[in-house]
Amino acid sequence: MKKTLLGLGAVVIFMASFTKADLEKEKTVVATATLSNHAMQMSAGEKLINKSDCIGCHNKVNKIIGPSYVDIAKKYPATEKNINYLADKIIKGGTGVWGTMPMSAHATLKPADAKLMVKYILSLKKK
C-alpha cells in the first residue's frame, strides 16, 4: 500500500512539474512572438530613430529637451514640402522653432533616411 501511494505521489509530482514547465515554455513562446511581431511592424523610420541619438532629446509622447514626436506631428501636416523641410532640419540642425535650445546637426545622415524618420514622426498625428 505504501509503495502504491509513494508511486502515485511521484507520478502526480512529475505531472505537475511537467505541466508547469509546459506553461512556462508557452509563455516564453508567446512573449517572443509578441516582440517579434512588434519588430516586424516597426517602420523603417522608427527603426532608424531607435538606432540614432534622437532618443536623447526626443520622446514619442513627452517633451524632453526637444518636442515630442506627437507634438511635431500636430504642428506639421504630412506634405512633401514639410517632409523635405524637416528632413533638412534633422541633417543641418537648427534652433528657434521650438525654443532656444539648438538641435544638433546630423550631417552624416542620408537624406532618404531622414525622410523615412520624418514620415514616421508625421504618421503619429492623432486623427
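Is Lys74 buried or exposed? Lys74 is exposed, with a relative accessible area of 55%. Here are some notes to read alongside the structure, which is a predicted model.

1. **The overall plan.** Let's start with the whole chain. The protein has five helices and zero strands, so its pattern along the sequence reads α-α-α-α-α. Of its 127 residues, 24% are buried. The protein exposes about 9400 Å², and carbon and sulfur atoms supply 66% of that area. Among contacts with a separation of 6 or more, 45% join residues 24 or more positions apart.

2. Now look at helix 2 (44-51) and helix 5 (residues 111-122). These two pack at an angle of about 105°, with their axes 7 Å apart. Because angles of 65 to 115 degrees count as roughly perpendicular, helix 2 is roughly perpendicular to helix 5. On the helix 2 side, the contact is made by Ala44, Gly45, Glu46, Leu48 and Ile49. Helix 5 contributes Asp113, Leu116, Met117, Tyr120 and Ile121.

3. **A buried tyrosine.** Tyr69 is part of helix 3. With a relative accessible area of 6%, Tyr69 is buried, because the cut-off for that word is under 20%. Which residues does Tyr69 touch, not counting those up to four places away in sequence? They are Ile49, Cys54, Ile55, His58, Asn59, Lys60, Ile121 and Leu124. Leu124 is 55 residues from Tyr69 along the chain, yet their C-alpha atoms are separated by 7.2 Å.

4. **Two salt bridges.** Side chains of opposite charge can pair when their charged atoms come close. The structure holds two salt bridges. In one of them, Asp71 pairs with Lys74, and the closest N and O atoms are 3.8 Å apart. Asp71 and Lys74 are three residues apart in helix 3, so about one helical turn separates them. Asp71 is partly exposed at 30% relative accessible area, while Lys74, our opening residue, is exposed.

5. **The other pair.** Asp88 forms a salt bridge with Lys92, with the closest N and O atoms 3.5 Å apart. This pair sits in helix 4 (residues 80-92), where being four residues apart again means a separation of about one helical turn. Asp88 is partly exposed at 35% relative accessibility, and Lys92 is exposed at 59%.

6. Ile65 lies in the loop between helix 2 and helix 3 (69-75). At 44% relative accessibility, Ile65 counts as partly exposed.

Note on methods:
Residues are numbered from 1 along each chain as its sequence is written. This is a predicted model: local features need pLDDT of at least 70, side-chain atom pairs count only at pLDDT 80 or more; totals for chains, interfaces and linings use all residues. Side-chain values use heavy atoms; hydrogens and water are left out. Buried means under 20% relative accessible area, exposed over 50%, partly exposed in between (1.4 Å probe, protein chains only). Axes are lines fitted to C-alpha atoms, for helices over the stretch in contact, and angles run from 0 to 180 degrees between N-to-C directions. Angles under 35 degrees count as roughly parallel, over 145 as roughly antiparallel, 65 to 115 as roughly perpendicular and the rest as oblique. Contact means heavy atoms within 4.5 Å. Accessible areas come from the Shrake-Rupley method with a 1.4 Å probe; for residues, only the protein chains shown count as cover. A salt bridge is a side-chain nitrogen of Lys or Arg within 4 Å of a carboxyl oxygen of Asp or Glu.
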